[in-house]
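The sequence and structure are shown first, and the description follows.

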Amino acid sequence: MRDDEILTRISALVSEEHTLRDKLAAGEVTTDEEHARVKELETALDQCWDLLRQRRARRNAGEDPDGAAARPAREVENYRQ
């Protein structure tokens, strides 16, 4: 996945999170449904940001950014920004 594709995915995930919060406010989803999906979205965002950082680090080190790979969710969850 290229950097622009990762950034597009990040944008889509953030948009979905905002839509979900709007649906919660409108009573279209339950709090439990919203919390469960937001957790999934946050994990996916952590993975995307981690992959983008790996690609940038590899590029800055003169390495091939395509050598970066997405890490498992359990590894990137709750990364400190």
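**Salt bridges**

A salt bridge is a side-chain nitrogen of Lys or Arg within 4 Å of a carboxyl oxygen of Asp or Glu. By that criterion, the structure holds 12 salt bridges. The model is a predicted one, and three of these pairs are described below.

Which residues are linked in a network of salt bridges? The members are D3, R55, R59 and D66. Within this group, D3 and R59 pair with their closest N and O atoms 2.9 Å apart. D3 counts as buried, at 15% relative accessibility, whereas R59 is partly exposed, with a relative accessible area of 40%.

R55 and D66 also meet through their side chains in a salt bridge, with an N to O distance of 2.9 Å. Because R55 is in helix 2 and D66 is in the loop between helix 2 and helix 3 (73-76), this pair ties together parts that are 11 residues apart in sequence.

**Packing of helix 1 against helix 2**

Two packed helices are described by the angle between their axes and the distance between the axes. For helix 1 and helix 2, the axes come within 10 Å and cross at roughly 160 degrees. An angle over 145 degrees counts as roughly antiparallel, so helix 1 is roughly antiparallel to helix 2. The crossing of helix 1 past helix 2 is left-handed.

**The nonpolar core**

In soluble globular proteins, nonpolar side chains tend to be buried together. In this model, the largest nonpolar core has 13 residues. I6, I10, L13, L20 and C48 are those with the most contacts inside this core. Helix 1 and helix 2 are the elements that give two or more residues to the core, and helix 2 supplies the largest share, 7 residues.

I6 illustrates these contacts. Leaving aside its neighbours within four places in sequence, I6 is in contact with M1, C48, L51, L52 and R55. One of these partners, R55, is also a member of the salt-bridge network.

Is E17 buried or exposed? E17, which lies in helix 1, counts as buried because its relative accessibility is 12%, and the cut-off for buried is under 20%. Not counting residues up to four places away in sequence, E17 touches V38, L41, E42 and L45.

E17 and A70 are 53 residues apart along the chain, and their C-alpha atoms are separated by 21 Å.

Methods:
Residues are numbered from 1 along each chain as its sequence is written. This is a predicted model: local features need pLDDT of at least 70, side-chain atom pairs count only at pLDDT 80 or more; totals for chains, interfaces and linings use all residues. Side-chain values use heavy atoms; hydrogens and water are left out. Buried means under 20% relative accessible area, exposed over 50%, partly exposed in between (1.4 Å probe, protein chains only). Helices (H or I, at least four residues) and strands (E, at least two) are DSSP runs, numbered from the N terminus. Contact means heavy atoms within 4.5 Å. A nonpolar core is a set of buried Ala, Val, Leu, Ile, Met, Phe, Trp, Tyr and Cys residues joined through side-chain atoms within 4.5 Å. Axes are lines fitted to C-alpha atoms, for helices over the stretch in contact, and angles run from 0 to 180 degrees between N-to-C directions. Angles under 35 degrees count as roughly parallel, over 145 as roughly antiparallel, 65 to 115 as roughly perpendicular and the rest as oblique. A crossing is left-handed if the near helix is turned anticlockwise from the far one by less than a right angle, and right-handed if clockwise.
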